[in-house]
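Dear colleague,

I am passing on the structure below, together with some notes on what turned up when I went through it. Please read them with the model open beside you.

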Amino acid sequence: MKKVLVIGAGAWGTAIANLIAKNGHRVFLNVNNIKIADEIKQKNQNEKFLPGVILDKKIIAISSYEKDVDLVFVVTPSINSAEVFHKISSAKFKKNCGFVICSKGVEPKSLLLLSDAFEKITGNKNYAVFSGPNFAHEVANEAPSITTIATKNKKLAQSVIDVLNNDYFQAGYFNDPRTAEICGVVKNIIAIGCGIVDELGLGINAKAALVMKGISEIRLLCKKLRACDDVATAAGFGDIFLTCSSGKSRNNSLGRLIAQGKPAEKNKTYEGILAAKAVSAMSQKLKLRLDLCEEINEILTHKFPQKEIRKKIVKAILK
């Protein structure tokens, strides 16, 4: 039995904690909200983020970081990543503790991929990236699911895979965390574009063309950042397909709202907004043309009329 700390008690953090606890491991779930912590302790539920799901009783809700653990899963929004990494750096975890980055995005100030920001802030290279086509509620309800554990450290990868895998959830190894992260960042931008295409009724042909354009931009960014450009993984095409094809995706639904001329819903984290801004800034810094990402960032930062949005999204697809 492993001892595991999960930092972040949103939908995905709670689902990961529940998955690992069901697999027989001792799980500490770091919860900042007192009401949610009490609900987990008293009712084995997190109704705000995982409504209708009964959590495994082995989950221990705590307000601090349990340091005597084998693995730490970081499941917080990318906008808070630097703050969390600094806390991890100042905490005294076990020498051989492994860290798993489960968030998808970039560190907003430095524009670094989260794994690069983690290594820079903590000085720790013992990390993996957890990324794949995983809706939290489906994993919590034991729907068949796959994911990718990306790291240069095969031993760490196997340790992470061992605590995750069971008869409905399978994690596979991939050796380039940067590629997994780049896919995880850009797919949220692509998903916003797909939501716009769906709402404007541009058709499946246009949606397929947009996804292909997005994949080509992922590969360009991978090459520029000296990462493998293989996207035939759960973290690559698997996650792109999930996010772009389903209305359950926050970023896909955001695209629909934008095409309707409506604002983003309050109190919801849309990683695609920050991702579009960051990737556009990154493309300028790297002197790289990423037409789709840049056009979607333009749409997100300006209140264009529907006719102009249509013109810009078509231009980005066909350019």
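**Helix α11 and its last residue**

L286 lies in helix α11, which covers residues 271-286; helices here are DSSP runs of H or I with at least four residues, strands are runs of E with at least two, and both are numbered from the N terminus. This is a predicted model, in which local features need pLDDT of at least 70 and side-chain atom pairs count only at pLDDT 80 or more, while totals for chains, interfaces and linings use all residues. Residues are numbered from 1 along each chain as its sequence is written, and side-chain values use heavy atoms, with hydrogens and water left out.

With a relative accessibility of 22%, L286 counts as partly exposed, a class that sits between buried (under 20% relative accessible area) and exposed (over 50%), computed with a 1.4 Å probe on protein chains only. Leaving out residues up to four places away in sequence, L286 touches L221, K224 and L225, where contact means heavy atoms within 4.5 Å. L286 and D68 are 218 residues apart in sequence, and their C-alpha atoms are 41 Å apart in space.

**Helix α7 and its crossing with α12**

Helix α7 (residues 177-200) has 24 residues. From its first C-alpha to its last, α7 reaches 35 Å, close to the 34 Å expected at 1.5 Å a residue, the expected span being 1.5 Å times one less than the number of residues. Because 21 of its 24 residues are buried, α7 is largely enclosed by the rest of the structure.

At the start of α7, a side-chain oxygen of D176 comes to within 3.1 Å of the backbone nitrogen of R178. This is a polar contact, that is, a pair of N or O atoms within 3.5 Å in which, within protein, one must be able to donate a hydrogen and the other to accept it, and residues adjacent in sequence count only if both atoms are side-chain atoms. After α7 comes G201, whose phi is positive, near 65 degrees.

The axes of α7 and α12 (residues 291-301) come within 10 Å and cross at roughly 65 degrees; axes are lines fitted to C-alpha atoms, for helices over the stretch in contact, and angles run from 0 to 180 degrees between N-to-C directions. The crossing is left-handed, a term used if the near helix is turned anticlockwise from the far one by less than a right angle, with right-handed used if it is clockwise. On the α7 side, V186, I189, I192, G193 and I196 take part, and they meet C293, I296, I299 and L300 of α12. These residues divide into eight nonpolar, one polar and no charged; Ala, Val, Leu, Ile, Met, Phe, Trp, Tyr, Cys and Pro count as nonpolar, Asp, Glu, Lys and Arg as charged, and the others, Gly among them, as polar. An α-helix has 3.6 residues a turn, so residues three or four places apart point the same way.

I7 is found in strand β1 (residues 3-7) and is buried, with a relative accessible area of 1%. Beyond its neighbours within four places in sequence, I7 is in contact with N30, Y65, V72, F73, V74, V75, T76, V84 and I88. Its C-alpha atom is 42 Å from that of K319, 312 residues away along the chain.

Strand β6 (residues 127-131) contains S131, which is buried at a relative accessible area of 2%. With residues up to four places away left out, S131 touches K104, T147, T148, A180, A234, A235 and D239. Y127 also lies in β6 and counts as buried at 10% relative accessibility; its contacts, on the same exclusion of neighbours within four places, are F99, I101, S115, F118, E119, T151 and L156.

**Two loop residues with positive phi**

N44 has a positive phi of about 55 degrees although it is not a glycine, and it is found in the loop between α2 (34-43) and β3 (59-62). R226, likewise not a glycine, has a phi near 60 degrees and lies in the loop between α8 (204-224) and α9 (234-245). N44 counts as buried at 16% relative accessibility, whereas R226 counts as exposed at 79%.

With best wishes
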